[in-house]
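What follows is a walk through a predicted model, to be read with the coordinates open.

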Amino acid sequence: MTIRVVLADDAVLIRTAIGALLRQYDFHIVAEAGDRRSLWEAIVATEPDVAIVDVRMPPNNRLDGLEAALEIRSAYPGIGTLVLSQYLESRYLTTLLGENARGVGYLLKERVSGANTFVDALNRVAAGGCAIDPEVVSLMLASRRRDDPLHRLTAREREVLALMAEGRSNQAIAQRLRLTPKTVESHISSIFLGLDLPPEPDNHRRVLAVLAYLRHPTDREQSQ
Amino acid sequence: MISVATIGSCKHDGSVIGRTVLASRAIVIVTAGCGVLLAAAVLPFKAQAVDHTLGETIFGGTAGVLFLGAGVVAHLRRPDNNVGLLMVLVGLGWFAEDLQFTRLPVTYTAGAMLYAASGGFIAHLVVAFPDGRLSTRGQRWLVGAAYATAFGLSPLQVVFVDPLFYDQEHPPNLLLVWPGHPMEEVFVSVLGVIGAVLSAAVVVVLARRWLSASGPRRRVLAPVLLTSLIGGLGLMIHSALEYTDLSPHIWMLVYRVSFCVLPLAFLAGLLRVRLGRAGVAALLVELQRPLSASDLRDRLATALGDQSLQIGYWRPGAGRLVDAQGLALDPPSPDSGRVVTNVDREGRRVAGLIHDAAVCEDEHVLRAVTAAAGLTLDNQRLTAEIRAQLGEVHASRARIVAAVTEERRRVERDLHDGVQQGLVAAAIGVRAVAQRLGPSGDEEIRTLLRVCGEGIDTALADLRALARGLHPAILSEDGLVAALTALIERTPVAVELDVTPVPRLPAPIESTAYLVVAEALTNTMKHAGAGYVWVSVAHQDRCLRVEVRDDGAGGADPNGSGLLGLADRVRALDGELVIRSEPAQGTTVTASLPWSGV
């Protein structure tokens, strides 16, 4: 079944390029929008499977896309939202995810040119999964304090952790790292044990837990 | 009440009735001379008159002569002011009244007619004091009525008076028509009433003038009013007590003495000589010491007797006066009763004194004061000028920082909206072509496309880093704390961030604070070899304070690196950048930026 997509970006150039790319992969672009209001109208009119939304859009050209994505997520939980941004900030990731990691993605816009990665992320989000840009994840993993428990994890465990943070399922992780699902599961339990986190069977909550943990030190310092 | 020349300075509005100063001087002196001759002629007769004591004669003579003398002095000192002439006329009229004591029928009759002559002149003098002019129509009507009564109505009484009734040897009244007519009483009563009404009107005019007068003006009017008040009271009490046993004579003495003092009071009010000169002497002593702007103003105000004095410093560039803070001072409008006196030094305009027009009366004092104060005013003018210039420099520096911040933000935006989008589209395009080519296509082409795509990716990554270094978008969108959080996230060193709630601040301040932290962190990573960095952001007492502290090697050169450029930026925003770096004690960079809100 072809996946129905609404594409929202104020740059016609980008819409054209992404549109052409997606059509090659048999996605169906049901509507395009150049600003927040027409995006909303398109969603209401077509109720697609997934919406691709650029963070910066008219009318304010600040975080309109992000705010629109939040609106869509709360009003239409069934529609996946993949947010594209020209620059990544972990702060916006937290805002976007909110309470659940269902049917949501946050990618660097450049990622679109690596067609396979992009298409894979889009498929995951359309199916109700989660796709976080690896660069944001590695950013959060990298900034660590000296006494951080993450240092206690093995390299392999950190790889698994990163993929978990990107929102991938055990299957996807196993495939990626060329491991058996069982091995992946045992890595995951030891990770949660090592980080002193309660185990989360649910995929979506798992992502949240991991991301929350990774952002934890900075969150703690912010008294916002 | 003085109508000064329209350019608002101390010019005397020549109100002499068209004659030259010399001619008017001659007239006044001649008139006074006639008065003296007249006095010499009539006083002996007055002394011999039956119902006049010697005391009364002396009083009358003294008062009249004082009016003549004071009037001459007043006119010589103030030739353009009619007060002198009026005082002489009062003296003349005063002695004309005494003609009724002479023995010749003609002179006696003339004297009988002129018995109220001085009254008209006194009314004119009092109402016109101290400018010598009648400025409103009401005043002119009042004085006109007084003259009409004194020279028109009162003389008519002569037709009723028969001196021979009381004294057979008295010279006859040549104009006697109806001796003992009952109309006489009526006439006298009417005259009395008119006199009382006119006197009351004059008092009202004086009262209103006093109430609406400024400080210096009141000082001019005070001697006359005081003397008149005392004299008037004395006369009233005397009349009240006249038919009792309570020794009314002392009050008559009070009245007479005040009346003699009156011409001197007029003179004092007009000239204000002694008071002014003493003030200048004191001022000269005080100018030896250094004085602040407000002290100088107070001293000058005291010397000139005008507490409403304002000092304006001349700014040649702007062509106007400014106050001690460098703010513009408007010249007084023509009908505000205030004028400007310019203070010049060596041909240059230095300052302007804005004061009550009444001060112009004492030209000598005004000139002495301005000359004495000239040097001090010149110094203060320079200070005021420098302050004004500094103010402008300050404002322009702040504008430059704001412009630079905005520029950087704009460039980041342009990069984002233009270049980056284009590159992303190009990358997509290249990959799409590679895709189209398929696995069976030309190996070389595929390699070329791959390299092309990687090149574009690299360019995009570089652009992102550049834009972030220029002006991170998150700074505009979410403020300083969010931007610093994101910055620290990307810093390889362990950084602890300590914040108190900070409101959104104007872009130049947020941008400068961000850049200070960014630069300090860069330095820490490059040189210090620190293991631990601590960044704090606080907003307290209307001041934003960011501090970056590390436990590294220390010994940083405060004049090196990008921190020097940032120090200028911080100072342009009225802030302060402090770098403390002792060897082996780590480095602390602190920036404080004041922000008063709104």
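Of the 224 residues of chain A in this predicted model, 54% count as buried. The chain is made of ten helices and six strands. Its contacts reach across the sequence: among those between residues at least 6 apart, 66% join residues at least 24 apart.

Two places in the backbone of chain A deserve a look. Most residues other than glycine have a negative phi, and most peptide bonds are trans. The peptide bond from Pro58(A) to Pro59(A) is cis, with omega near 10°. Pro59(A) sits in the loop between β3 (50-54) and α3 (64-75) of chain A. The other place is Asp26(A), which is not a glycine but has a positive phi, near 65°. Asp26(A) also lies in a loop, the one between α1 (12-24) and β2 (28-33) of chain A. Its relative accessibility is 58%, and with exposed set at over 50%, Asp26(A) counts as exposed.

Tyr87(A) is found between β4 (80-85) and α4 (90-97) of chain A. Is Tyr87(A) buried or exposed? At 11% relative accessibility it counts as buried, because the limit for buried is under 20%. Which residues does Tyr87(A) touch, leaving out those up to four places away in sequence? In chain A they are Arg56(A), Tyr92(A), Tyr106(A) and Leu108(A). In chain B they are His416(B), Arg464(B), Ala473(B) and Glu477(B). With Glu477(B) there is also a polar contact, 2.9 Å between the two side chains. Within chain A, the C-alpha atoms of Tyr87(A) and Leu107(A) are separated by 9.2 Å, although the two residues are 20 apart along the chain.

Now take the interface as a whole. The size of an interface is often given as the accessible area lost when the parts come together. Chain B and chain A bury about 3,500 Å² between them, and 48% of that is on carbon and sulfur atoms. On the chain B side, the residues that lose the most area to chain A are Arg464(B), Glu477(B) and Glu489(B), together 21% of what that side buries. In residues, the contact takes 41 from chain B and 40 from chain A.

How many salt bridges does the rule find across the interface of chain B and chain A? There are seven. One that can be checked by eye joins Asp478(B) and Arg91(A), with the closest N and O atoms 2.7 Å apart. The side of chain B that touches chain A draws at least two residues from each of α12 (363-437), α13 (443-470), α14 (473-478), α15 (480-489) and β6 (495-499). The largest share, 15 residues, comes from α12(B). By class, this side of chain B has 18 nonpolar, nine polar and 14 charged residues.

Elsewhere in chain B, helix α5 (residues 117-128) can be followed from end to end. It has twelve residues and reaches 17 Å from its first C-alpha to its last, close to the 16 Å expected at 1.5 Å a residue. Ten of the twelve residues of α5(B) are buried, so the helix is largely enclosed by the rest of the structure. Among the buried residues are Phe121(B), His124(B), Leu125(B), Val126(B) and Val127(B). What do the buried residues of α5(B) pack against? Their neighbours are α2 (54-77), α3 (83-97), α6 (137-153), α7 (183-211) and α9 (249-271) of chain B.

The last stop is around β5 of chain B. Glu346(B) is in the loop between β4 (338-345) and β5 of chain B. Its phi is near 45°, a positive value in a residue other than glycine, and at 67% relative accessibility Glu346(B) counts as exposed. Strand β5 (residues 348-356) of chain B holds His355(B). His355(B) is buried, with a relative accessible area of 0%. Its side chain makes a polar contact of 2.6 Å with the side chain of Thr341(B).

How values were computed
Residues are numbered from 1 along each chain as its sequence is written. Chains are lettered from A and ligands numbered from 1 in the order in which they are written. This is a predicted model: local features need pLDDT of at least 70, side-chain atom pairs count only at pLDDT 80 or more; totals for chains, interfaces and linings use all residues. Side-chain values use heavy atoms; hydrogens and water are left out. Contact means heavy atoms within 4.5 Å. Buried area is the accessible area (1.4 Å probe) that two parts lose on being put together, summed over both. A salt bridge is a side-chain nitrogen of Lys or Arg within 4 Å of a carboxyl oxygen of Asp or Glu. Helices (H or I, at least four residues) and strands (E, at least two) are DSSP runs, numbered from the N terminus. Ala, Val, Leu, Ile, Met, Phe, Trp, Tyr, Cys and Pro count as nonpolar, Asp, Glu, Lys and Arg as charged, and the others, Gly among them, as polar. The expected span of a helix is 1.5 Å times one less than its number of residues. Buried means under 20% relative accessible area, exposed over 50%, partly exposed in between (1.4 Å probe, protein chains only). A polar contact is a pair of N or O atoms within 3.5 Å; within protein, one must be able to donate a hydrogen and the other to accept it, and residues adjacent in sequence count only if both atoms are side-chain atoms.
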